[in-house]
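User: I would like to learn how to read a predicted fold step by step. Could you take me through this one?

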Amino acid sequence: MKYIAVLFLVFFLGSASDLDLVKIDAVNMTDIKALDRNGVIINQVHPDHIVAEISKDMYRMVRSRGFNIEVIQENITEIYRQNSMMKSTRSQYLTYDTYVDSMITMATNYPAICRLDTLGYSHNNRLLLIMKISDNAETDEIEPEVHFEANVHGDEKIGWAVSFWMIRYLLENYATDTLVQRLVDTREIWIAPMVNPDGFVAHSRYNGRNVDLNRNWGWMWGDEWNCGTDFMSENEARRFVEHFWRHSFVTYVSFHAGTIYISEPWSYSTYVQPPEQNLLHHLSQGYAYFTGYPYGQGSVGMYPINGCTKDYDYGCGGEMGWSVEVCYYKTPSPDSIDPIFDRDRPAMLRLMHRAGQGIGGYVYDSLSIEPTKLRALVYVDPAGWPSYSRSANGDFHRFYLPGTYSVTVLSPGYEPKTVDSVVVPSGTPDSSVYIEVGLIPNPELPIYATDVVGTRYVSTYSNQTYPVEALGPRDGQAYKVDASKWIVLGFDWPIHDYAGNDLIVYRSSGTGSATIRVSNDWFGSWQTLGIANDTVTAFDISTVSLDSACYVRIEASSTFMLDAVEAFQEPTGVAKDDDIAAVSGIQFEIMPTVLREGDLLQVTSMRQQPLKIKLFNLLGQSLKEEVLEPGTTQFSLAGLPAGIYFLVGPDIHSSRRIILVD
Ligand SMILES: [Zn+2]
């Protein structure tokens, strides 16, 4: 057994939420899953037992199911708490406050290569900080983007240390280390060491509302212990998923601890493997080369879970996503920080390097020579899982192995286009090919959903279709929405109300029916349009008094084979006032994101038409409304108290956060 020896004082004065580290003799996946659903925190799955954490009041439940419990360490929570406060000669963890100060100090000391941003606040009003490290950090350049985060589970502080140390390492070694220099100059590296600051402060796995954030994301959400009241119900998950939709990451790593494992999608099912498992394995193998961590599909190497980040990364974003479990202990002694960072550091650098390999490009409107107004879906054969261009600047980049591919690009309102014989060269760890794809606009073509925003968990024993089949135009391929389950689809260009019907739901086969709801917000409130119960069912969104809608929720009452949801484009020459408020996609960028009193806020609109934006405070009160002309406009925020504000466009792609400091 590979327990790192821990010799500690045992504390008996913990609170009710304190956990014991135990061995439970559960052996089969059904038992393990049942324990997990009852709140047992499972760290390691071995052939004849699991290593888990349980509170005092769970012993009876576990034993009543016929399992034996052997205590490995009583009150492991207290030990982690002590470790996190201990100062060893080599290293130490920081408190939340000193962490925030350190992030600000680093951003101040290295302004040329980093930008500190905040994605918003946690439930208990702590900052969700993120550091962007790149040359020209203020600019959104056409460079492969990588994301690292940690501490989704607040008690897994070693993950926080590994990612925080990486920020320091990149900044401090940029001047002297050629690999670091190359990575910072040619990538956009985002690192968020503390996704769950409330859990970090409370030494708890859960957030400030007792929700497990790694069960709250929207791919196959639900059916889990403490997974939240809805998908993305939690502030922290919402703020990170908004960040997720604003970018298109090649790789997305979330650090965890409790075991060692490089955990790949899928975690939600043992019955299906991701179609590009070879790509994931390839990159995992590179990570394992340096760390020695085993790797594989999360549901198989660990146990099945729903609503985790890596499944969303791959499922909804087409991004290579992982949970990387770096230590058997969640908050080991601070003496362990340096050796674990030394082990993971070369693997992380290698992953950033490899993220440059593959197919990159630019999708543009061949008439205007501007980026297409909407996100494009990029399908690369033979793999066939969609990835996406960004409507802000039309760029895309995805990891592929050297070889010859054909690339098909679809964007609503344009003729699709396939580029054959795209060759990813071999030679260097990040050899890539760059293609420019001009699409021909066609106002006769329908628009369609380009984003899977969220889906309810389905049993993959009987249903192995994928939600992404519902994207794009009607094509005969369907996502099977099981009875009482749902899917939320996003339109990058809103569905508009025109005379008559505006929205069409296509069913590919069967006799199923589904309730169709629409909203301008991805988490509601939802207006019910009616029931889709035919091969083609059309709806008029004015029946619910909406002029436009960006999100469609399909709730099946019986198995519904959802092929596509389509809408009409805006007829040319017709411009309604409402269009100003209804445009979608990334609309604007702001600078700076942290303002001191007297600073002016610069807002750059990327639209060619006027764009309506609103300023909200944390209570959701609208303070100001402006119509931006194209280009850059300066605003004074004089008179507003210090705090967090939100500048919001019409949907999740276009909300930016502003911190006003004293
Ligand atoms: Zn974890």
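**Reading the fold, feature by feature**

User: Where is the place of Cys227?

Analyst: Cys227 sits in the loop between helix 7 (197–202) and helix 8 (235–246). Helices here are DSSP runs of H or I with at least four residues, strands are runs of E with at least two, and both are numbered from the N terminus. Before we go on, note that this is a predicted model: local features need pLDDT of at least 70, side-chain atom pairs count only at pLDDT 80 or more, and totals for chains, interfaces and linings use all residues. Residues are numbered from 1 along each chain as its sequence is written.

User: Thanks! Is Cys227 buried or exposed?

Analyst: The idea is to count neighbours: a residue is buried if 20 or more other C-beta atoms lie within 10 Å of its own, exposed if 12 or fewer, and partly exposed in between, with C-beta atoms placed from the backbone. Cys227 is buried because 24 other C-beta atoms lie within 10 Å.

User: Which residues is Cys227 in contact with?

Analyst: Two residues are in contact if their C-beta atoms, placed from the backbone, lie within 7 Å. Leaving aside neighbours within four places in sequence, Cys227 is in contact with Val211, Asp212, Arg215, Asn216, Trp221, Gly222 and Gly307. Thr291, for its part, is 64 residues from Cys227 in sequence and 31 Å away in space, C-alpha to C-alpha.

User: Let us step back. How many helices and strands are there in the protein?

Analyst: The protein has 13 helices and 37 strands. The C-alpha trace spans about 75 × 60 × 55 Å along its principal axes. Of the 662 residues, 52% count as buried. Among contacts between residues at least 6 apart in sequence, 73% join residues at least 24 apart.

User: How is the protein divided into domains?

Analyst: The bounds come from an automatic or database domain assignment. It gives domain 1 (19–81), domain 2 (95–354), domain 3 (359–439), domain 4 (447–567) and domain 5 (587–661).

User: What do the sides of domain 2 and domain 3 look like where they meet?

Analyst: 14 residues of domain 2 are in contact with 18 residues of domain 3. On the domain 2 side, helix 9 (277–291) and helix 12 (337–354) each supply at least two residues. Helix 9 gives the largest share of that side, three residues. By class, that side has seven nonpolar residues (Ala, Val, Leu, Ile, Met, Phe, Trp, Tyr, Cys and Pro count as such), four polar (the others, Gly among them) and three charged (Asp, Glu, Lys and Arg). The C-alpha centres of the two domains lie 26 Å apart.

User: Now the sheets. What is the order of the three strands that form an open sheet?

Analyst: Two strands pair if DSSP finds at least two bridges between them. The three-strand sheet has the order 16-13-19, with mixed pairing. Strand 16 (395–398) and strand 19 (432–439) are the edge strands, each pairing on one side only. The twist averages 20° from one strand to the next; such angles use axes that are lines fitted to C-alpha atoms, for helices over the stretch in contact, and run from 0 to 180 degrees between N-to-C directions. Strand 13 (residues 358–365) runs parallel to strand 19, joined by eight bridges, and Gly361 stands opposite Ile435 in strand 19.

User: Why does Gly394 count as buried?

Analyst: Gly394 counts as buried because 23 C-beta neighbours lie inside 10 Å. Gly394 lies in the loop between strand 15 (387–388) and strand 16. Not counting residues up to four places away in sequence, Gly394 touches Tyr362, Val363, Tyr364, Pro371, Thr372 and Ser389.

User: Which order does the open sheet of five strands have?

Analyst: The order is 21-23-28-25-26, with antiparallel pairing. Strand 21 (451–455) and strand 26 (527–532) are at the edges. Strand 21 is joined to strand 23 (residues 486–496) by four bridges, and Val452 has Leu489 in strand 23 as bridge partner.
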